[in-house]
Amino acid sequence: MTRYLITSALPYINGIKHLGNLVGSMLPADVYARFLRQKGEDVLFICATDEHGTPAELAALEKGQDVETFCTEQHEIQRSIYERFGLSFDHFGRSSSERNTELTQHFCKKLTENGYIEERTIKQVYSVDDGRFLPDRYIVGTCPHCGYEAARGDQCENCTRVLDPTDLINPRSAVSGSSNLEIRDSKHLFLKLPELEGKISAFIDEHEAEWPVVVTSIARKWLKEGLRERCITRDLKWGIPVPADGFDGKVFYVWFDAPIEYIAATREWADKAPSERDWKSWWYDAKDVRYVEFMAKDNIPFHTIMFPATLLGSEEPWKKVDYIKGFNWLTFYGGKFSTSQKRGIFTNQALEEFPADYWRYWLMANAPENSDSSFTFSSFSGMINKDLNDVLGNFVNRVLKMTAGKFSPAVPEGGEWGELENEFVKTLSTRIADYTKYMQAMEFRKATAELRAVWVEGNNYLTAAAPWTVIKEDREKAAMILRLALNLIRVYAVLSAPVIPNASKDMLSLLNLNDPDMAWIGEDTASALQMLKPGHAFNVPEKPIFNKIMPETVAELCARYGADPEAE
RNA sequence: CGCGGGAUGGAGCAGUCCGGUAGCUCGUCAGGCUCAUAACCUGAAGGUCGUGAGGUUCAAAUCCCACUCCCGCACCCA
């Protein structure tokens, strides 16, 4: 049987991520993983923090911490947030782990043996006062073309010209402002991508028909422009040491070791129970594994070109990705999420405002799959109020209250399905089949819309069956209708669980199902709708399972998060 | 001629690959129901699909051509 390996792009360590980050990788990966698990598939869902690189060092510096302490702390902060969002990682690792060090060095060794790595000496800017080499973007100065005073070493943001740090007039360190800079020779390793181009290109061709447009178009663009040797080492202290002579004090470029952490994190996972977990079977010569990666579009070149190059160049049978689910950007009121301008919502703030499921539902219903999509509080409150509260929440509430009121807080007995019920089951089955199809295909917007349609069917059925009228004439028939409706709540809980796992639990606990069977609802909808037997007691809700978001609240949120309601 | 993604009723989207006179959700208006959270159900109004009195075709939102506008890639950041 096929096993499913799922990875989400690794969130970078330097700070708390915002909603765009969540929807572009971790959340959809989680929904997919949960769905497959409920289908009874063997799933391994892996993620980790991406901890190396200059931004991490600088963020630590700013906080007055050493980088290792900083990363440990930030890792824990992120891990806890994701846990509260209900992200069901089998393992959430760290790219600074020992396992990643071993594997990254292993790949470097293999690539060297196979002739895909070349040593070169390049000139680098060294800041004497900072005691470190500076990457291009951390050198600022005056642009020789337009006179802009805060041009960066890689590009002038004012006139958009691409620059070399040596072009800058009055160059200085962006870290300390010191202008005590020197050019020093430094030895580095380069990955010879041009020599792997054929293999990479063939690898992309193989998947071109199946992968989303956003993925293949970005990959093709890189190939079209021609691959170049890429420097995979850096003059930094924080990172994975380069295991080569004369490379003391140098580490790998963060983008070289980060994807390898997918494999390393799987080892970390196996290390926790070595007798029953076989990391290698997931990654090495793993013919029965289907590997799916989730990421936002900025990550695509690294996952379609760089990481495959590493794996292909090793000339070992490492598992390569089978499907890449790429996402566009989520924008905030049409503009970018911005840390510096405090625009947008960060994951920790989101959880302080509303339960995780509200965010999960909106984000999946509006996932930026085919183009960028925009977050607004009015859209958010609209969907939460209408879909979660009115359609689903109210259904649960009305059924439980009506049954308890007209009968007792237990599944009522008597009556048999008639024509209406058979028709309803048929309609519902079709809807569920479509929902399942979209989930399988990772078409999350369509899946969420179909899930909503499944909920609506319940209200439709109640209107048609009208148990509140029927009961006056035929108590048994009313019992049958409500029994079906109660079973429907269970079916909804099962089907909704991948998207809104907590609300799903709430529904199940209202039904007194504390160790519920979460098996996916397949062909046999009819028996799924008869699982709850007459006499099974349930709880009457004291309050709705969702709360509406009032217009005043929306206005407040807009003000607090710098959103301009007019700009919608 | 930088690259890529878009342009469909008031808003957000589907349909475009495999052409046959447009579908969904929200909103609006009217009606129904009364079990439920001013909730649910039904119906209606509203678009000719960015522009070109362009091309192909019996037929184009859907294929071809030209153009326009928007968004992203250039502080931060995914």
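Visitor: What is the distance between a phosphate oxygen of RNA strand B and an N or O atom in the side chain of lysine 17?

Guide: This is a predicted model, and in it an N or O atom in the side chain of lysine 17 lies 2.8 Å from a phosphate oxygen of RNA strand B.

Visitor: Which elements give two or more residues to the surface near RNA strand B?

Guide: Those elements are helix 1 (19-38), helix 6 (213-225), helix 12 (377-406) and helix 14 (444-465). Helix 12 gives the most, with ten residues.

Visitor: How many residues surround RNA strand B, and which are the closest?

Guide: There are 47 residues around RNA strand B, and the closest are Asp298, Trp329, Lys336, Asn394 and Arg398. Sorted by class, the residues of this surface comprise 21 polar, 18 charged and eight nonpolar.

Visitor: Turning to the packing of helices, at what angle do helix 5 and helix 9 pack?

Guide: An angle from 65 to 115 degrees counts as roughly perpendicular. Helix 5 (residues 193-208) and helix 9 (residues 300-314) pack at about 105°, their axes being 9 Å apart, which means that helix 5 is roughly perpendicular to helix 9. On the side of helix 5, the contact is made by Leu193, Leu196, Lys199, Ile200, Phe203 and Ile204, and on the side of helix 9 by Thr304, Ile305, Met306, Pro308, Ala309, Leu312 and Gly313. By class, this contact of helix 5 with helix 9 has ten nonpolar, two polar and one charged residues.

Visitor: How many salt bridges does the count come to, and which parts does the pair of lysine 110 and glutamate 316 tie together?

Guide: A salt bridge here needs a side-chain nitrogen of Lys or Arg within 4 Å of a carboxyl oxygen of Asp or Glu, and by this rule the count comes to 34. The side chains of lysine 110 and glutamate 316 form one of them, at 3.8 Å from N to O. Lysine 110 belongs to helix 4 (residues 98-113) and glutamate 316 to the loop between helix 9 and strand 14 (323-327), so the pair ties together parts 206 residues apart in sequence.

Methods. Residues numbered from 1 in each chain as written. Chains lettered and ligands numbered in written order. Predicted model: local features only at pLDDT ≥ 70, side-chain atom pairs only at ≥ 80, totals over all residues. Heavy atoms only, no water. Axes fitted to C-alpha atoms, helices over the stretch in contact; angles between N-to-C directions. Helix = DSSP H or I, 4+ residues; strand = E, 2+ residues; numbered from the N terminus. Parallel < 35°, antiparallel > 145°, perpendicular 65-115°, else oblique. Contact = heavy atoms within 4.5 Å. Nonpolar A, V, L, I, M, F, W, Y, C, P; charged D, E, K, R; others polar. Near = heavy atom within 4 Å. Polar contact = N/O pair within 3.5 Å; in protein donor to acceptor, adjacent residues only side chain to side chain.
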